[in-house]
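Me: Could you take a close look at the strand pairing here for me? I'd like one connected walk through it, ending at the ligand.

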Amino acid sequence: MNNILYKIQSKISSRILLNYDMKKSTWFRAGGKAEGYVIINSISDLKTVISFADKIKYYIVGVGSNLMVRDKGFDGLILKLGKNFNNIKIKKNSLSVGAGVLDINLAKFAEKKSIKDFEFFTGIPGTIGGAVKMNAGCYGSQTADKLIKILAINKFGQIKYFNKEELKMKYRSSNLKDDLIILKAEFGYEYASKSEITKKKNYIKIKRKSSQPINEKTSGSTFKNPPGEFAASLIEKAGCKGMNIGDASVSKLHSNFIINHGQASAIDIENLGKKIIREVQEKFGITLEWEIKIIGN
Ligand SMILES: Cc1cc2nc3c(=O)[nH]c(=O)nc-3n(C[C@H](O)[C@H](O)[C@H](O)COP(=O)(O)OP(=O)(O)OC[C@H]3O[C@@H](n4cnc5c(N)ncnc54)[C@H](O)[C@@H]3O)c2cc1C
């Protein structure tokens, strides 16, 4: 075992898995291994891991629905928040949501309690931590809409609240640094008729099923929509629909989705993405920007 990982392991209760295959923890089911992978269940374990930040890299993940680790792997420790970060509480002025909560579970909770405006989370297969970082959204709603503030821990082990304004949340982005770990998010909330909420949720579910390859090995939208354009439409018009490298191809259902048909490597996916960027650039003079986070060597 890497000496540092050994030291960390001796001080925390969670078990560090070595040479962990990140294929198992990303929706793409492609890519390399992490030197270590650990599911963290307490703030004190998290602080311990972070206290080694000058000796070993760490990277926080949700459920890897927007993430790819390159084939040669990640030479550090991948952290995932465990069940103690999975609580949702209704407070007087806010809905307090652990960063490990699945978006869909927040949507279900809100529907059950007749709380509106969280229906769009039905359509995003990530966690609240990932949703805040990415400002995830769909069908006209985004995470920033109802967000008030987050609680996060920085690389010095300090735990602080950050108001939404400090996060500079824009379309599919925030200014959160990779070494900042979100612990929970607080959202404003309003009650509404449950039937209206259910109707909206069902609409989103149907729409997604018909327009996105949601049962494939994919990371969702590969590129951000450039201002005033749709990436999918540019990709399609550039003739990239169905294009492939190895077992990675551009979805025929949604051109901004890359699909791993089984054996694609991370480099196949990344090269296919680069090819799309070149084709779109040549045809329209627009440079597509990756939405998917790619880490590792
Ligand atoms: C089929 C499919 C459909 C999708 N549709 C949509 C869509 O409609 N709209 C949309 O916006 N996205 C969509 N996505 C992309 C993805 O689901 C979102 O970006 C989601 O928010 C990622 O969450 P995650 O927990 O999986 O994060 P990961 O993919 O694990 O990580 C993504 C980023 O978030 C960071 N992160 C994760 N947790 C934390 C935390 N606790 N603290 C700090 N940083 C953290 C990671 O470090 C990384 O930088 C789709 C993906 C798939 C596979």
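Reply: Two strands count as paired if DSSP finds at least two bridges between them. Keep in mind that this is a predicted model.

Let's start with β10 (residues 147-153) and β11, which run antiparallel and are joined by 5 bridges. As for cover, β11 (residues 159-163) hardly has any: of its 5 residues, the count of buried ones is 0.

Now over to an open sheet of 4 strands, in the order β13-β16-β15-β14, with antiparallel pairing. β13 and β14 (244-245) are its edge strands, each pairing on one side only. For β14, the antiparallel partner is β15 (residues 248-250), and 2 bridges join them. Ile245 has Ala248 in β15 as its bridge partner.

Of the 34 residues around the ligand, Gly62, Gly126, Gly129, Gly130 and Gly220 come nearest. β13 (217-221) is one of the elements that give two or more residues to that shell, along with β3 (57-61), α4 (128-134), β8 (137-138) and β12 (181-187). The biggest giver is α4, though, with 5 residues. By type, the shell divides into 17 nonpolar, 14 polar and 3 charged residues.

Key:
Residues numbered from 1 in each chain as written. Predicted model: local features only at pLDDT ≥ 70, side-chain atom pairs only at ≥ 80, totals over all residues. Near = placed C-beta within 6 Å. Nonpolar A, V, L, I, M, F, W, Y, C, P; charged D, E, K, R; others polar. Buried ≥ 20, exposed ≤ 12 C-beta atoms within 10 Å, placed from the backbone.
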